[in-house]
Amino acid sequence: MFGIRSLPRTLEAALRDMRHAKNETRISALRDLVRLAETEHRPRALSALCEVMSSDADLHVRAAAALALGDADAKESRDALFAAAQSGPVQVREMALAALGEVCDATDQEVLALVAEAQKDAAPELRFQALIAQNRLAPATVLQALADASRDQDAEVRQISYRIAEEHVLADPTSLPEPLRQRARAALRDDAPNVRLAAAILLARVGDKCGADVIRAVVERKDRVASLEDEQAALELAGELQISEARPALSRRAFGYFGLFRDPLAWHARVALARLGDEQAKSAILRGLSAFTRDARTIAVAAAGRARLREARAILQRMTPAEADPETVAEALSELETLP
């Protein structure tokens, strides 16, 4: 049977459910308070969120309330968030830091000092979140902190340091400081596969191919990484960096064994193969442009752009919105226009 979708709560219903015995119900009510914060009920909704953040019996609910204040862009609740980020349970402090990164800016020197202090906290969760908060609050200064964070004892903190640096070099490839580049090269030998791959991706974004073996190990599944997004990047970079040794693994992932056991990243593997000049992959992408469903055609459109298939340009130019998503078509054509 189909479940009946519950109606959005009124303010009074949300406030009532914030006293419910079940954590799941209280967390659900938080989402309604965020919605109600966009209405004339904003003062009462934000007040309720602050109260939950400071006094609920369950830490998960308190942390969720802190995050909800960030979602509500609750600049009015800055002082309550600041107090929560200063002391108390780590889980709540972490989410309060995240919210401060959303609602404050670089003019708030007190928050910036708190974030800098959190980067030296004994709890790795706080060091992790503090880097993200600084990147949101004062991105021009965060690169100075990343080289230190890349030496952190916690693998997730080391990984996020390279992920944040990658955001910056995607916007400006010249922005990578030489000390952080050297740290990334050293991290190619890190004990944690996620850190090795994050470092290799960062280096690849600035044209440094010395992480090619790390990328190949992920493509071949010799190294397992937790993030599907990172694995996807590894497959595409295998094509961009022309790592020809990865072709057998890419072929298995693109087409399976005798057409069976299709990989969830099969299209990304096909893009990489096409970038390596593989005719089977190119043909598969071009065939996809005339697939039966609009969704399948749209996926093939994106793949054609990522694979830089000149042969697809004329087909894409003739495509109508009924055949494929027009934004995806425009993006693919834009990528093809950059070809010499």
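## Burial and the overall fold

A residue is called buried when its relative accessible area is under 20%, and exposed when that area is over 50%. This report applies the term to a predicted model. By this criterion, buried residues make up 53% of the 340 residues in the protein.

The protein contains 20 helices and zero strands. Its C-alpha trace spans about 60 × 55 × 35 Å along the principal axes. Among contacts between residues at least 6 apart in sequence, 57% join residues at least 24 apart.

How far is the sulfur of Cys50 from the closest cysteine sulfur? The distance is 12 Å, and the partner is Cys104. A disulfide requires two cysteine sulfur atoms within 2.5 Å, so the separation of 12 Å is too far for a bond.

Cys104 is likewise in no disulfide, the nearest cysteine sulfur being that of Cys50. Cys104 has a relative accessible area of 14%, so this residue is buried. The structure as a whole holds zero disulfides.

When residues up to four places away in sequence are left aside, Ser77 touches Leu46, Cys50 and Leu69.

Helix 14 comprises 13 residues, numbered 228-240. At 1.5 Å a residue, the helix should span 18 Å. The end C-alpha atoms are 18 Å apart, which agrees with the expectation.

Several residues of helix 14 are buried, including Asp230, Glu231, Ala233, Leu235 and Leu237. Against which helices do the buried residues of helix 14 pack? They pack against helix 10 (155-171), helix 12 (193-205), helix 13 (212-219), helix 15 (247-255), helix 16 (266-275) and helix 18 (294-306).

At the start of helix 14, a side-chain oxygen of Ser227 comes within 3.3 Å of the backbone nitrogen of Glu229. Just after helix 14, Gln242 adopts a positive phi of about 55°.

Technical notes
Residues numbered from 1 in each chain as written. Predicted model: local features only at pLDDT ≥ 70, side-chain atom pairs only at ≥ 80, totals over all residues. Heavy atoms only, no water. Helix = DSSP H or I, 4+ residues; strand = E, 2+ residues; numbered from the N terminus. Expected span 1.5 Å × (residues − 1). Buried < 20%, exposed > 50% of the residue type's maximum accessible area, 1.4 Å probe, protein only. Contact = heavy atoms within 4.5 Å. Polar contact = N/O pair within 3.5 Å; in protein donor to acceptor, adjacent residues only side chain to side chain.
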